[in-house]
Every structure is written in C-alpha cells, then in structure tokens.
Amino acid sequence: MFLAIYLIGYFLIFRNWSPKIRPEASSCLISFFHGTPAVLLASAAILSDPNRGFAAANTAFQKLVLDYSIAYFLMDLLHYLVFFPSDVLFIAHHLATLFVVATCRHVVSHGAFAVLFLLLLAEVTSACQNAWTLAGARRKEDPFAAKVYEALSPPFYALYSVVRGFAGPYFVYEMVVFYAGEHGDGLVPRWIWVSWVAVVLMAIAVSILWIWNLWVELYRERTRKLQEKIR
C-alpha cells in the first residue's frame, strides 16, 4: 500500500515538481497516510484494551497497528536507501524505530501500550510537519507555498516542542519507573526495554536539537525582517 502511494506521488501527483524535491514530496505523501491514521489507530488500540497499561499483554488490534507502522517505516527506509543513502541519521532513525516496533510485535508479548503511546506522541505532529515540509520545499518557486511555510512555522515549532520536549520525556520516565520496578519484572526482558528507552531518548535528544535550531533560525529571520522594515 505504501509503495503504491509513493509511486502515485512520484509519477503522478508531483510529476511537475523539480526532480530534486519529488522524492521528498513522495515521502511526505506516504507519511500523511501513516502519521494521523497511526495516531487514531494507536489511540483506538490502546483504549479498546480494558487491561491497558504497562503490564498489559499485546492485543490482536495492537499487533495490527504495529504491523501498519512497520510497513510504513520499511517503505520510507527504502526511500532513503535509494535516494539519500548518505543520510545516515535518518536511516539510523528508521532502523532503530523498526527495531523497537518489530521486537514489540514479534519478540515479546507485552509492551504494545508503551510503544503505541510513544508512536502516538511521535506522529501527532506528523500532518503539520509534512505540510510544513512540502511548503518549505516549494517556497522559493511558489509565493503561496512561502506564505503557508511562514504561517505554519511558529505553531508547528510550538506543538513539536511541547510533545518532544515535555510529553515524550515524561512518558519515558513513567515507562522506566514501571519496567525497572518489581511490577514490571519479567514482563519485557530487561535488554529489550532498556534498548527501547535508549532508542527513544536518542530520538528525543536529536528532535530537541533539531527544533532548537529551527527556533533560532526563525528568530534570526524575523529579526532580519524587522530590521529591514526599520531601515
């Protein structure tokens, strides 16, 4: 499904776009079909489990949602390997994410609550981010795209900062407290949940650095425009 969406985007929807940005635009398209649906599916899978919580066993619905995300990350990983093989950071991110989701789905019988909640937090900004990315890719060629990019930047940065800077770290803390305590002993092997936490913390750290740089860039741009108006 994700391969078909990618090809439709590359050869039909974005066929008139610059060859340099067509792959990125097609990647954003499949992300649109994963991000928000994944948030809704993960929420439904968590809420539909009456025994939800860190101690709950994975349900069939939760496994299906995990499979949905595995399919997306495999397709987007293929995209990076084909078009951006030197982008080691994103390739490593996708491999690490696949490790977390795949081990939760296929290795242990617990942990879907934690992994799906982390997926929800990661993808809740996806729609806004993809729209911002597409507008940013076209802003030099299309005045309307430039306006959309400028309008979306502050709210997107703010939402991303709250989710990645506060909500994400707090949930990881709760996760560590549970699995490291006596109630979590034996539910998920220690090496697996420790590796999950390590992967998530590294992803959060990179995300915070990324959004910090975007805030700095936005501040400099707004300051420059203000100085030009004064002159």
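A salt bridge is counted where a side-chain nitrogen of Lys or Arg lies within 4 Å of a carboxyl oxygen of Asp or Glu. The legends below refer to a predicted model.

**View 1. A salt bridge joins Glu150 and Lys225.** The closest N and O atoms of Glu150 and Lys225 are 3.5 Å apart. This pair links distant parts of the chain, with Glu150 in helix H7 and Lys225 in helix H8, 75 residues apart. Glu150 is partly exposed at 38% relative accessible area, and Lys225 is likewise partly exposed at 30%.

View 2. Glu221, with 31% relative accessibility, is partly exposed, as is Arg224 with 35%. Salt bridges with shared partners join Glu150, Glu221, Arg224 and Lys225 into one network.

**View 3. Asp67 and Arg105 are paired in a salt bridge.** Their closest N and O atoms lie 3.1 Å apart. Because Asp67 belongs to helix H3 and Arg105 to helix H4, the pair ties together parts that are 38 residues apart in sequence. Relative accessibility is 28% for Asp67, which is partly exposed, and 22% for Arg105, also partly exposed. The structure holds five salt bridges.

**View 4. Phe54 lies in the largest nonpolar core.** This core has 53 residues, and those touching the most other members are Phe54, Leu116, Met175, Tyr179 and Trp196. Helices that each supply at least two residues of the core include H1 (2–13), H7 (143–180) and H8 (190–230). The largest share, nine residues, comes from H3. Leaving aside residues up to four places away in sequence, Phe54 touches Phe113, Ala114, Phe171, Glu174, Met175, Phe178, Tyr179 and Leu187. A second, separate core of nine residues includes Phe156, Tyr160, Leu214 and Leu218.

**View 5. Aromatic rings form a cluster that includes Phe54.** The members of this cluster are Phe54, Phe113, Phe117, Phe171, Phe178, Tyr179 and Trp193. The count of aromatic pairs comes to 27. In the pair of Tyr10 and Phe11, the ring centres are 5.0 Å apart and the planes meet at 75 degrees, so the arrangement is edge-to-face. Tyr10 is buried at 16% relative accessibility, whereas Phe11 is exposed at 52%.

**View 6. Arginine side chains lie over the faces of aromatic rings.** Arg138 is placed over the face of Trp17, at 4.7 Å from the ring centre. Arg139 lies over the face of Tyr149, at 4.4 Å from the ring centre.

Terms used
Residues numbered from 1 in each chain as written. Predicted model: local features only at pLDDT ≥ 70, side-chain atom pairs only at ≥ 80, totals over all residues. Heavy atoms only, no water. Core = buried A, V, L, I, M, F, W, Y, C linked by side-chain atoms within 4.5 Å. Buried < 20%, exposed > 50% of the residue type's maximum accessible area, 1.4 Å probe, protein only. Helix = DSSP H or I, 4+ residues; strand = E, 2+ residues; numbered from the N terminus. Contact = heavy atoms within 4.5 Å. Phe/Tyr/Trp six-rings, centres within 6.5 Å; stacked < 30°, edge-to-face > 60°. Lys NZ or Arg CZ within 6 Å of the ring centre and 35° of its normal.
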